[in-house]
Amino acid sequence: ATSGKRGLSQQALAETFKHLDETEGNCQEQREVNVGGGWPDTEVHVTSSARLKDARFMLLYTLRHWISPAALHAKPRAFTTNDLVPLSLWLHVVALNFPDMDLAAKLRSLAAFVSEAAEIPGHAVCVDDWSHRLDALGLPTTGEIAAAVPTDTTCKTETCRLWALIHILTLASQVHWPGMASHGKTWIGIHAFLEHYFRCDVCRKHFLSQVKVAAYGMKDVESGKVSLAVYFWRFHNAVSTRIAAEKKCIQPVLDRRWPQSESCPQCWTDRAGQWKVIDEAAAMLGQDSPLPMHLPNETAVTQHLVRAYWPANLPAKVT
């Protein structure tokens, strides 16, 4: 029996989600800070190296657990052009933008392999050949990945780790990472992955629907007025606040905006006003349970994103 968008077995699907946060259905304590009191105080002290560890784990995890062909009846199961093209776009981005010298050559080789296969009309790559390619490159096995789940970070869910990966990939252009993918190709690659390989169907559908209506300033991204790093930071805030609102965390209202004002006071201004990015959450909560009114300083946010996510031992010329 299969389940999910791309035909995962029930066992594989269960394993994919085995690290889901056990407290997902509960409301966390709201701390008394100006912004972001819905995050635990430990979040303030998370290092960029810990976030890189989460992102690296998620990148390797997806190669073994999330990347699979669409649900087709053909046997043996294989990646067709419809699978290979978006996978090629994604691998191009991670090969160029992910700041891990140990993985760089392996990811470039994998990206080249998929890209060449995608360009051959009617060509397919068997699932076994994909697995053998990962093995030949010395990438961690399923068992090795399961034994290497990060334990010294605040991420407890796969979506949290995926967000860490996306934030790091979109920061490459902000720090002028050598050889980085262009702004446009980075967006196309991330979009392709989330549309075709994101294992959370609800999350995937929400992402695509928000892109379709150009939410969170998508048109400003296309015109170059807003960076991808800021765009996905906005998106992450919208998702975090909406989830808290869906859980009815209203006594008091759980403020899941990030970063917390205690870790970046300059990221939030004293100007009062409803931040349009969190309109979904505000609409769910209603006037009886309003979110606190603070507007962001996105220049300061960009600098904080670099401090929070980009490896501290690597050069970073922030723009």
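Q: How many of the 19 residues of helix α11 are buried?
A: This is a predicted model, in which local features need pLDDT of at least 70, side-chain atom pairs count only at pLDDT 80 or more, and totals for chains, interfaces and linings use all residues. Residues are numbered from 1 along each chain as its sequence is written, and side-chain values use heavy atoms, with hydrogens and water left out. Buried means under 20% relative accessible area, exposed over 50%, and partly exposed in between (1.4 Å probe, protein chains only). By this definition α11 is mostly covered, the number of buried residues being 17.

Q: What distance does helix α11 reach from its first C-alpha to its last?
A: Helices (H or I, at least four residues) and strands (E, at least two) are DSSP runs, numbered from the N terminus. The expected span of a helix is 1.5 Å times one less than its number of residues. Helix α11 covers residues 228-246, and its reach is close to the expected value, at 27 Å.

Q: Is Ala 78 buried or exposed?
A: Ala 78 lies in strand β3, residues 78-79. Its relative accessible area is 15%, so Ala 78 is buried.

Q: What separation is found between the C-alpha atoms of Ala 78 and Ala 124?
A: Ala 78 touches Ala 124 among others, where contact means heavy atoms within 4.5 Å. The two residues are 46 residues apart along the chain, yet their C-alpha atoms are separated by 6.0 Å.

Terms used: Lists of a residue's contacts leave out its neighbours within four places in sequence.
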